[in-house]
Structure formats: C-alpha cells, structure tokens
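Try each task before reading its solution.

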Amino acid sequence: MAVDGLEAPVRCPYCNQLSEKVVDSREGKDGEVIRRRRECLACHKRFTTYERIEEIQFMVVKKDGRREPFDRHKLMTGLLKATQKRPVSVAQLQAIADDIESRLSEKPDREIPATEVGELIMDRLPDLDEVAYVRFASVYRQFKDVHQFVEEVKGLLGSGKKGKG
C-alpha cells in the first residue's frame with residue numbers, strides 16, 4: 001500500500017508480499033524517471049523501484065523485414081559485449097543508450113531500420129573506445145574475413161578519431 005494511495009502495491013522482492021510503503025521518492029535528473037525507496041510491511045526490508053513514463057513504442061525493422069519493439073536492454077547488452085574488459089564505465093554506456101533512445105524517439109516515423117540503430121552506435125563508439133568500436137563493427141558489419149577487418153581498422157585510423165583505447 002503506497003503512501004499517496006494512488007498506485008497499486010508492489011510485490012516485495014524478498015518475501016513476495018504485496019504490502020509495502022513508499023519511504024522516499026525522488027525525480028531523476030532528466031525528469032523522466034521517478035526513484036522510489038519502498039519498505040515491505042511484512043519483512044521490513046527496503047528496495048528501490050523506478051517508474052518511467054510509458055511512451056508510444058517504436059519498432060525496429062530488421063534486415064529480413066521482421067519488426068520488433070525497440071529494446072533498450074538489447075542495446076545495452078551489445079554495448080556491454082563490445083566494451084567487455086575495457087576501461088569504459090556503465091554510466092558512459094547508459095549515456096550512449098540514453099542519447100540513441102532519445103534520438104530515435106524524436107523521429108516522427110515509428111518504424112526505424114535496425115541499420116540506423118547500428119549506425120548510431122557506430123558513430124559513438126570510436127570516441128569512447130577504439131577497441132570496442134572494432135569489436136562492435138566486426139559483429140554489426142558481419143566481417144567475412146581478415147581483409148574486411150583490416151579495412152575497417154584502416155578507416156578508423158584514417159578518420160582521425162582518437163578514442164581512449
């Protein structure tokens with residue numbers, strides 16, 4: 001049961017009970033997220049929930065024509081794989097994901113080609129980490145051989161972009 005009485009109770013992640021109270025609410029930096037600290041009235045443990053305004057979902061059109069809802073989690077997973085064991089913070093990756101999500105949501109068309117999402121990522125990675133860029137490019141561009149890989153690295157070096165890698 002929430003303090004303001006307007007929202008449905010949230011299930012406690014510890015004891016699975018539906019009785020809880022809101023201890024603290026704070027608006028996120030961008031004003032789009034509300035962070036709530038909650039306390040379970042049954043087990044008295046505290047947990048955090050985040051509320052985000054649900055917007056009209058946009059679809060990503062895959063290379064084979066399939067359409068699927070945009071998935072921020074997939075975007076973050078790709079970024080995390082590309083930057084694995086690199087000196088890149090999760091906060092930096094979240095900033096990239098925020099920027100890409102924001103750019104896509106500003107578009108009037110609700111269907112966005114997957115290639116456009118990939119290119120937005122490719123545009124951001126060289127400045128962040130060159131190794132992460134090459135890793136992501138090798139999967140995104142589906143390199144068939146070492147020659148394609150070398151050409152991509154030559155293009156990176158020739159572009160004058162210098163990352164932190």
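**Exercise 1: a parallel pair**

Find which residue in E6 is the bridge partner of Met59.

Solution. Step one: in E6, Met59 has Glu111 as its bridge partner. Step two: strand E4 (residues 59-61) and E6 run parallel, joined by three bridges. Helices (H or I, at least four residues) and strands (E, at least two) are DSSP runs, numbered from the N terminus. Two strands pair if DSSP finds at least two bridges between them.

The model is predicted: local features need pLDDT of at least 70, side-chain atom pairs count only at pLDDT 80 or more, and totals for chains, interfaces and linings use all residues. Residues are numbered from 1 along each chain as its sequence is written, and side-chain values use heavy atoms, leaving out hydrogens and water.

**Exercise 2: the sheet**

State the order of the three strands in the open sheet.

Solution. Step one: the order is E5-E4-E6, with mixed pairing. Step two: strand E5 (67-69) and strand E6 (111-113) are the edges, each pairing on one side only.

**Exercise 3: the hairpin**

Determine in which sense E1 and E2 pair.

Solution. Step one: strand E1 (residues 20-27) and strand E2 (residues 33-40) are antiparallel, over seven bridges. Step two: Arg26 stands opposite Arg35 in E2. Step three: five residues lie between the strands of this hairpin, and Gly31 takes a positive phi near 80°.

**Exercise 4: confidence**

Name the helix where confidence is lowest.

Solution. pLDDT is the predictor's confidence in each residue, from 0 to 100. Helix H5 (residues 146-158) is lowest, at a mean of 73. Helix H1 (residues 72-82) is highest, at 93. The protein averages 83.
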